[in-house]
Amino acid sequence: MRWSRYPINTTKETPSEAEVISHQLMLRAGLIRRLAAGIYTWTPFGLRSLRKVERIIREEMDRAGALEVLMPAVQPAELWQESGRWEQYGPELLRLKDRHQRDFVIGPTHEEVITDLARRELKSYRQLPANFYQIQVKFRDEIRPRFGVMRGREFIMKDAYSFHASQESLQEGYDAMRAAYVRMFTRMGLEFRPVKADTGSIGGTASEEFQVLADSGEDAIAVSDGADHYAANLELAPALAPAAARAAPSATLAKVATPGKRSIEDVAAFLNVAAAQTLKLLMVESSDGGVIAIAVRGDHELNAVKAQKLPGVASPLRMASREAVLAATGCEPGFLGPIGLRCPVYADHAALALADFVCGANEIDHHYTGVNWGRDVPQPQAVDARNVVAGDPSPGGAGTLAIRRGIEVGHIFQLGRKYSEALQASVLDESGKPLVMFMGCYGIGVTRIVAAAIEQNHDAAGIIWPEPLAPFDVVLVPLNATKAPKVQELSEQLYAELTAAGFEVLLDDRDARPGVKFADAELLGLPHRIVVSERGIDAGQLEYRHRRASENEHWPMQEVIARLRERRRDDPQGGAR
């Protein structure tokens, strides 16, 4: 491709609406253009990278035995009503009516549609297992779309669905998809981790997320530094109970005045104690309309996913209103404690391990010191209700946890029979009796992968593409070609030879200053840059630099193709790091 024929301009200025680096660089490099909130047009440069992601996905899905289909983006409401998700899914589900006033949705996902296809086409256990996938546009009406294509309303997704005669077969299919995902993201040149995750609104019995590691990631991930290689989303990682026994009481219970001290930080500073020696009591709604108290250590945070799974707690988790807290405790939030409470109380393991701790006195501007479970307050039920923190022991049994940031680019689920039962999708078993099929679901955010790759691979000058996802392999930069015929002639010759050798080449044939060309080449982030200049031709050399390198190299002109091939073979993800 010739850059002079590309009509989309790069920009030096960072767009004001772009918050994260991938959004900034995709706009500046001309990969995408905004049409409406959360809706983007992909330009030719951006689309080339997007198609490379799709190609790798297709090759690995086909290799794993999945069959590609294409399902309608517009889905009848009846299917969603059958599954129960017409009301459950919430306002992200874009509903519309046709001219006959029939209800439809723009599909955010396709469990209902594929299950409908399966119940019509799959009649016998002999047709199982079956796995269908598609790469298609989805729409979720995000209340606050942000971060460009990272969290848009319209996006491209690969979604796959498998059907099985047994849980054992589902597990085999799930494992095959997990292996395919590992191959995909490895081939894309991404640093990623599969992590255990909550099943969320999709449902099912087990799930794993594939997280691209990046400091800007929205998700917090707990990863082990030990040989167990444990990794889990923060919302799911279990916090183990302390191994050591709780210390015996050594302090006397005392009520102390703490005027205006509501936060853990303020109370700890005022009483000159560590936050880890304080107790935080949180009041949440119960499933019967009352309140339940959950105690966590002052320096820990409540985990909403864990908390809403506790018996009696409302799901989704809802914090109790000020009025409900006053009715249950006689005190406003900020001074709550377990002494004298009449509502049910859960205590996180770490909170239950405290001795001589500080907690609220259920009285404005007062706290208790020297509090002990069993002596001053009945010992509540011990639960895991907090987020893990760096330094916690790994649940995998080796090493300790660190907290990393990640961008979710894939998610696989064992759905079990949630959708097949709701939509009555069954086959006949060996004895001729109906067998409700087991299902798996496997998603990849195709457009998000492009943004995640940039979040993980960039510098102050621009994008640094992993080679498998780069729009082009090589940018060929002639200097002052309009004034130097031999530069133009050699550039055209190289362009043809490199293309014939299988390289995807972007020839920067614009009539622009060298500084502009170099800046745009770095902004676009193509892996290999070759500069053709009069001085180099006279010396029989071409100037080469890998996008990750800080220094130029000089290659003999006749060795360029061989050296490029060698560079890609020896280090497919790039030169000096």
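The largest pocket in this structure, which is a predicted model, has a volume of about 1,200 Å³. Of the 45 residues that line this pocket, Arg140, Arg151, Glu408, His411 and Arg448 are the closest to its centre. The elements that contribute two or more residues to the lining are strand S8 (154–164), strand S11 (219–224), strand S20 (401–416), strand S23 (438–445) and helix H12 (446–456). Among these, strand S20 provides the largest share of the lining, with 7 residues. Sorted by class, the lining of the largest pocket is made up of 16 nonpolar, 16 polar and 13 charged residues.

The second largest pocket has a volume of about 360 Å³, and 24 residues line it, with Arg262, Lys280, Leu281, Leu282 and Gly334 lying nearest its centre. Two or more residues of this lining come from each of helix H7 (264–271), strand S14 (279–285) and strand S17 (357–360), and S14 gives the most, with 5 residues. The lining of the second largest pocket divides into 14 nonpolar, 6 polar and 4 charged residues.

Rolling a probe the size of a water molecule over the atoms shows where empty space is left. The structure holds 1 cavity of 30 Å³ or more, and about 90 Å³ of space lies in the largest cavity. Its lining consists of Val475, Ala521, Glu522, Leu526, Pro527, His528, Arg529, Arg545, His546, Arg547 and Ala549. Helix H14 (514–524), strand S28 and strand S29 are the elements that give two or more residues to this lining. By class, the residues around the largest cavity are 5 nonpolar, 2 polar and 4 charged.

| Space | Volume | Lining residues by class |
|---|---|---|
| Largest pocket | about 1,200 Å³ | 16 nonpolar, 16 polar, 13 charged |
| Second largest pocket | about 360 Å³ | 14 nonpolar, 6 polar, 4 charged |
| Largest cavity | about 90 Å³ | 5 nonpolar, 2 polar, 4 charged |

Strands S28 and S29, which give residues to the cavity lining, also belong to an open sheet of 5 strands, whose order is S27-S26-S28-S29-S30 and whose pairing is mixed. The edge strands of this sheet are S27 (505–507) and S30 (553–556), each of which pairs on one side only, and the twist averages 30 degrees from one strand to the next. Within the sheet, strand S26 (residues 474–478) and strand S28 (residues 528–532) pair in the parallel sense over 5 bridges, and Val474 stands opposite His528 in S28. Helix H13 (residues 485–500) packs on the sheet, where it touches S26, S27, S28 and strand S29 (541–546), and the direction of this helix makes about 160 degrees with that of S27.

Another open sheet has 3 strands in the order S4-S6-S5, with antiparallel pairing. Its edge strands are S4 (74–76) and S5 (94–97), each pairing on one side only, and its twist averages 35 degrees from one strand to the next. Strand S5 and strand S6 (residues 103–106) are joined in the antiparallel sense over 4 bridges, with Arg95 standing opposite Val105 in S6.

Strand S17, which gives residues to the lining of the second largest pocket, pairs with S18 in the antiparallel sense over 3 bridges, and Phe357 stands opposite Val371 in S18. These two strands form a hairpin with 5 residues between them, and Asn362 in the turn has a positive phi of about 55 degrees. Strand S18 (residues 366–371) is also joined by 4 bridges to strand S13 (residues 254–257), the two running antiparallel, and there Val256 stands opposite His367 in S18.

Charged side chains also make contacts across the model. Side chains of opposite charge can pair when their charged atoms come close. The structure holds 42 salt bridges, and one of them is formed by Arg183 with Glu60, whose closest N and O atoms are 2.7 Å apart. This pair links distant parts of the chain, with Arg183 in helix H6 (residues 167–187) and Glu60 in helix H2 (residues 44–63), 123 residues apart.

How values were computed. Residues numbered from 1 in each chain as written. Predicted model: local features only at pLDDT ≥ 70, side-chain atom pairs only at ≥ 80, totals over all residues. Heavy atoms only, no water. Pairing = 2+ DSSP bridges. Axes fitted to C-alpha atoms, helices over the stretch in contact; angles between N-to-C directions. Contact = heavy atoms within 4.5 Å. 1 Å grid on protein atoms, 1.4 Å probe; cavity = no way out; pocket = protein on both sides within 12 Å on 5 of 7 lines; lining within 4 Å. Points joined across faces, edges and corners; volume = space filled by probe spheres on them. Nonpolar A, V, L, I, M, F, W, Y, C, P; charged D, E, K, R; others polar. Salt bridge = Lys/Arg side-chain N within 4 Å of Asp/Glu carboxyl O.
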